[in-house]
Amino acid sequence: RYSLFYNRLKNIEENEGGLDKFSKSYKSFGVNQFVDGGIYCKEWAPGAEAVFLAGDFNGWNPFSHPYKKMEYGKWELFIPPGQDGCPPVPHGSKLKVVIRAQNGELLYRISPWARYVIRDEDKVNYDWVHWNPPQSYIHKHPSPKRLKSLRIYESHVGIASPEGKVASYKNFTYNVLPRIKDLGYNCVQLMAIMEHAYYASFGYQVTSFFAASSRYGTPDDLKEMIDVAHSMGITVLLDVVHSHASKNSEDGLNKFDGTDSCFFHSGPKGTHQLWDSRLFDYANWEVLRFLLSNLRMWIEDYRFDGFRFDGVTSMLYHHHGIGTGFSGDYHEYFGLHVDEDALCYLMLANHMINFLHPECITIAEDVSGMPALCRPVAEGGGGFDYRLAMAIPDKWIQIIKELKDEDWNMGNIVHTLTNRRYEEKYIAYAESHDQALVGDKTLAFRLMDAEMYTNMSVLSPLTPVIDRGIQLHKMIRLITHALGGESYLNFMGNEFGHPEWLDFPRRGNNESYHYARRQFNLTEDHLLRYRFLNAFDRDMNKLEERFGWLASPQAYVSEKHESNKVIAFERAGLIFIFNFHPYQSYVDYRVVIWHSSLIVVFKYKILLDSDAAEYGGHQRLDHSTEYFSEEYPHNYRPNSLMV
């Protein structure tokens with residue numbers, strides 16, 4: 001694998017002038033304005049017989065501005081400035097690349113490199129708009145320094161409002177970012193930014209890879225949003241989709257030059273069976289240029305601080321993970337079923353990002369457990385900084401769905417939370433957007449279900465269902481946060497147990513926005529119990545910020561007691577004790593402390609208590625109590641204390 005990577009990198013150095021120049025192609029491809037006012041256009045369309053540029057600027061004459069054919073399927077066009085020195089293609093004018101296919105048909109296409117596309121209300125397809133404002137947004141604040149402890153708030157701009165509409169970048173900037181900061185999250189991961197024609201695809205059917213979605217506002221609005229986040233010390237990651245592309249041809253990449261290949265594999269190999277989308281040909285030189293340039297554009301133009309790569313499992317294997325289980329045996333990760341070209345692309349992408357922007361972060365969404373995916377490329381690894389611990393949310397769902405409270409297995413919970421590859425960093429999460437989508441349920445909805453509609457008011461009785469749901473919601477999130485990885489992620493709204501599910505407007509729900517919103521207002525109503533969960537999530541993050549357990553070595557688990565239903569562990573100098581027993585409390589409960597030799601007596605106090613009144617608990621613990629360590633052996637350690 002490293003040899004394949006090294007050879008590709010060497011070819012780029014020898015034939016393209018280096019990775020820096022190769023990945024900067026976004027400044028020359030598409031339609032770009034020169035300093036003198038002229039327009040330089042460049043496309044890659046290997047299957048085209050001829051290429052033209054048409055638009056508002058030439059009265060939509062499809063033949064007046066032909067491209068010149070270059071080698072390797074490239075086409076170039078230069079349009080000089082007007083006599084008055086004005087740009088020949090004004091800002092805001094609509095454009096199309098006109099392709100004469102091999103069968104003679106004229107195809108009107110959006111450039112794969114288009115920076116801004118919009119859809120008029122009376123149209124189905126998107127239009128390409130030349131974006132070249134007289135004065136672009138100027139970033140005022142530097143990017144935050146690379147974080148040791150990542151507390152990620154997974155977000156979708158369009159649903160980030162209680163109102164039934166598509167919310168804007170401006171709304172996120174001034175209403176949501178302050179909320180994220182107050183909750184103690186130091187990183188926001190943005191979904192559905194790359195333009196996608198179908199809103200209900202959640203942004204995972206990308207049509208224009210270089211365009212920020214116009215349904216939320218302009219490119220400058222997004223730049224301002226990221227700049228304001230940086231002013232708050234918040235790192236901003238982009239959910240990047242390089243695993244596949246939408247099958248749209250009128251406003252997407254599919255059949256751009258009239259063939260079924262171009263950016264993709266031809267035939268069945270180029271189509272994902274489950275996603276009904278096109279699959280990139282990662283061995284193609286121009287595909288590598290396109291994807292690497294795409295990453296660099298988002299970093300350098302918009303100032304994103306890194307990426308969460310979606311669908312990595314689909315990229316890594318020719319079977320795309322369809323109908324395949326992974327046990328962890330090495331034969332599953334090495335062989336002809338592995339797409340080495342795709343893996344090489346990921347290595348090149350991480351190498352480029354680390355070489356040009358070492359402060360940036362990359363995350364892999366991989367369910368297979370590919371070894372060394374988060375080890376440096378120089379070691380033959382994939383080069384990612386983090387991978388998602390995708391088994392954890394599945395485990396919580398399985399426990400809540402299938403087991404009675406008294407049958408919860410403490411050892412199995414601990415195993416799932418600690419089962420990760422040595423020296424590879426994992427992002428732990430109890431639930432993400434996947435669990436919030438229609439057809440699934442959030443943890444809060446699984447725990448409390450229909451009673452969330454009637455009994456979340458403090459004026460109504462605290463029923464056993466609501467009481468159990470609130471307490472377990474807090475405990476599940478804290479133990480996942482503290483034991484499950486080297487970073488933590490939460491999907492927006494789930495921190496306070498957002499009711500119901502997430503469903504985008506579509507024909508099946510009469511184009512309703514009722515479920516495509518986040519009701520942040522629920523936490524501001526002091527008569528509702530949602531504020532308890534919100535407060536606990538905030539204080540949990542603030543405590544991690546203070547002690548940094550995510551950046552600390554993996555926890556020492558001293559107890560996983562099946563009959564007591566108690567889990568205890570130590571990390572970052574803190575002792576975490578969880579009592580999952582459905583009805584049994586304990587007094588004078590002995591717990592191990594890590595220190596092997598007791599030269600001094602250690603004093604402990606409660607820092608966070610899920611049973612506290614401000615978190616909707618029963619206030620059964622006295623927070624003024626001090627707990628002292630003693631030289632008393634317990635669970636094979638020489639020292640312990642009583643709680």
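**Reading local features in a predicted model**

Reader: Which loop holds Ala572, and what is its phi?

Author: Ala572 is not a glycine either, yet it has a positive phi of about 55 degrees. Ala572 belongs to the loop between strand E23 (566-571) and strand E24 (574-579). With a relative accessible area of 27%, Ala572 is partly exposed.

Reader: How many aromatic pairs does a search of the whole structure find, and how is one of them read?

Author: A pair of aromatic rings is described by the distance of the centres and the angle of the planes. Searching the whole structure gives 43 aromatic pairs. One of them joins Tyr2 and Phe5, whose ring centres are 5.6 Å apart and whose planes stand at 45 degrees, so this pair is tilted. Tyr2 and Phe5 are 3 residues apart in helix H1 (residues 2-16), and are therefore separated by about one helical turn. Tyr2, at 38% relative accessibility, counts as partly exposed, whereas Phe5, at 2%, counts as buried.

Reader: What are the centre distance and plane angle for Trp113 and Phe290?

Author: The ring centres of Trp113 and Phe290 are 5.3 Å apart with the planes at 85 degrees, so this pair is edge-to-face. The pair links distant parts of the chain, 177 residues apart, with Trp113 in the loop between strand E7 (106-109) and strand E8 (117-118) and Phe290 in helix H5 (residues 285-300). Both Trp113 and Phe290 are buried. They also belong to one aromatic cluster, whose members include Phe263, Phe280 and Tyr345.

Reader: Which residue lies over the face of Trp594, and at what distance from the ring centre?

Author: Arg637 lies over the face of Trp594, at 4.2 Å from the ring centre. Arg637 also lies over the face of Tyr556, where the distance to the ring centre is 5.7 Å.

Reader: At what angle do H5 and helix H7 pack, and how far apart are their axes?

Author: Two packed helices are described by the angle between their axes and the distance between the axes. Here H5 and helix H7 (residues 340-356) pack at about 35 degrees, with axes 11 Å apart, and their crossing is right-handed. On the H5 side the contact includes Leu288, Leu292 and Arg296, and on the H7 side it includes Tyr345, Leu348 and Met352. The residues of this contact divide into 11 nonpolar, no polar and 1 charged.

Reader: Is Val287 buried or exposed, and which residues does it touch?

Author: Val287, in helix H5, has 0% relative accessibility and so counts as buried. Leaving aside residues up to four places away in sequence, Val287 touches Cys262, Phe263, Phe280 and Asp281. Val287 and Tyr345 are 58 residues apart along the chain, and their C-alpha atoms are separated by 9.7 Å.

Key
Residues numbered from 1 in each chain as written. Predicted model: local features only at pLDDT ≥ 70, side-chain atom pairs only at ≥ 80, totals over all residues. Heavy atoms only, no water. Phe/Tyr/Trp six-rings, centres within 6.5 Å; stacked < 30°, edge-to-face > 60°. Helix = DSSP H or I, 4+ residues; strand = E, 2+ residues; numbered from the N terminus. Buried < 20%, exposed > 50% of the residue type's maximum accessible area, 1.4 Å probe, protein only. Lys NZ or Arg CZ within 6 Å of the ring centre and 35° of its normal. Axes fitted to C-alpha atoms, helices over the stretch in contact; angles between N-to-C directions. Left-handed = near helix turned anticlockwise from the far one by under 90°. Contact = heavy atoms within 4.5 Å. Nonpolar A, V, L, I, M, F, W, Y, C, P; charged D, E, K, R; others polar.
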